[in-house]
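Morning, everyone. I have one structure for you today, and I'll keep it brisk. Please look at the screen.

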Amino acid sequence: MALLADYAITPDVFDATSYSSEEVCAARLETIREAMLEEGLVRDLRNGRWRALFGSDGRAWHGRGKELVKKLATQGRLIPHQPLLPREPQDDMDWCAEALATHDQEALRGGVIVTEAVKHAYADQPLVARIDRLSSATWWASRGPSVKVARTLSDYLGHLDPILRCANSVMFIDPHVNPTRHGYQDLVQLLTKLGNRKPVPMVEIHRVCYEGSGPSRRFPLNEDRAYFSDRFRAALSDRLRAAGLRVEVFVWDDFHDRFLISNLIGISLANGFDIGGAHADTYWTRLSRNDRDRVQRDFDEASGRHKLHDRFSLP
């Protein structure tokens, strides 16, 4: 199960003539709309040639289908994928073959969504599912709002991979994040997964201004204004520079909950980005779009929700 899955969709799904009526087409598109815009990525096959189809009047593209493609592009959910088959697709079956070729190179976390005619040509392929029978596809039915995660770097990277590769903006929100502390020393490996691509994503880290808890709580900025910036720079700057990344770090008065917020998805992380610890597993939960936006606003200085004690840039 993936909190953010990627899919391929053959063009016939958006063609009103693939259905008995325009109304049926609209209803079928509605069954995938929210999933694509809340928890999905769509492969823009053959380096954007797939998307370019919908700027053409060569087929009876349904208005809702063209709107969905436009929103996917606006939200950064259309992910270009290089051509793999030797010739340009000539029909919907060819587009399905191209989608399956990309899966062979890099496994889809979702599947290929098609209409009845294309599914008939790929009847024995479980990765290919009719849009009107998606509920019978295991990869569609297994979708859910939460996932159990082992507190290991490999599991964190596995679950976060599509976000770290594709997001345009990412906020790491964890009150105790400190890359010099045991448990957070692998944070740099999550950060550098965002690097060496264009456009360079916006990356932020948010933590609190104190360390410890209860009677042992201390406020190091009272004695040393460079306390956090020195530690973050020592642990991260060289690796971030090599990855071509710039990271803004915010040090707030207080907060408790842990999140990863991106333009693609928001995740509530029970144990934050701390790896290891007394418990072997943790749970991550996907936020609704509205809750994701609320969290993002809470960590905007202009909101007044928290008091900012320090801010610095890395490297």
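**A walk through the model**

Let's start in a loop. N196 sits in the loop between α8 and β8. Its phi is positive, about 55 degrees, although N196 is not a glycine. Is N196 buried or exposed? N196 is exposed, because its relative accessible area is 62%.

Keep in mind that this is a predicted model.

The peptide bond joining K198 and P199 is cis, with omega about 0 degrees. There is another cis bond to point out. It runs from L314 to P315, and omega is near 5 degrees. P315 belongs to the segment after β13 (308–314).

R46 lies in the loop between β2 and α2. Is R46 buried or exposed? R46 is buried, since its relative accessible area is 8% and the cut-off for buried is under 20%.

Let's step back to the overall picture. The protein has 10 helices and 13 strands. Its C-alpha trace spans about 70 × 35 × 35 Å along the principal axes. There are 315 residues, and buried ones make up 52% of them. Take the contacts between residues at least 6 apart in sequence: 76% of these join residues at least 24 apart.

Next, the cores. How many residues does the largest nonpolar core have? It has 58. Those with the most contacts inside it are F172, L190, I205, F232 and W284. Helix α7, residues 153–166, gives the most to this core, with 7 residues. Beyond its neighbours within four places in sequence, F232 is in contact with several residues, including V177, P179, I205, V249, F312 and L314.

I113 lies in strand β4. I113 counts as buried because its relative accessibility is 0%. What does I113 touch, leaving out residues up to four places away in sequence? Its partners include Y7, I9, V13, I32, L134, W139 and W140. For a sense of distance, take K66. I113 and K66 are 47 residues apart along the chain, and their C-alpha atoms are separated by 16 Å.

Helix α4 runs over residues 92–105, so let me give its dimensions. It has 14 residues and reaches 20 Å from first C-alpha to last, close to the 20 Å expected at 1.5 Å a residue. Buried residues in α4 include D92, W95, C96, L100 and T102. What caps the N-terminal end of α4? D91 does: one of its side-chain oxygens lies 3.2 Å from the backbone nitrogen of M93.

On to the rings. The structure holds 15 aromatic pairs. One is W139 with W140, an edge-to-face pair at 6.4 Å centre to centre and 85 degrees between the planes. W139 is buried, because its relative accessible area is 13%. W140 counts as buried too, at 10% relative accessibility. Another pair is F250 with W252, and this one is stacked: 6.1 Å between centres, 5 degrees between planes. F250 counts as buried at 6% relative accessibility. W252 is buried as well, at 0%. There is also an aromatic cluster, formed by F14, W50, F54 and W61.

Two arginines use rings as well. The charged end of R217 sits over the ring of Y210, 3.8 Å from its centre. R231 lies over the face of Y227, 3.7 Å from the ring centre.

One last stop: R297, in helix α10, residues 289–298. R297 and F228 are 69 residues apart in sequence, and 24 Å apart in space, C-alpha to C-alpha.

That's the tour. Thank you.

Note on methods. Residues numbered from 1 in each chain as written. Predicted model: local features only at pLDDT ≥ 70, side-chain atom pairs only at ≥ 80, totals over all residues. Heavy atoms only, no water. Phe/Tyr/Trp six-rings, centres within 6.5 Å; stacked < 30°, edge-to-face > 60°. Buried < 20%, exposed > 50% of the residue type's maximum accessible area, 1.4 Å probe, protein only. Lys NZ or Arg CZ within 6 Å of the ring centre and 35° of its normal. Helix = DSSP H or I, 4+ residues; strand = E, 2+ residues; numbered from the N terminus. Polar contact = N/O pair within 3.5 Å; in protein donor to acceptor, adjacent residues only side chain to side chain. Core = buried A, V, L, I, M, F, W, Y, C linked by side-chain atoms within 4.5 Å. Contact = heavy atoms within 4.5 Å.
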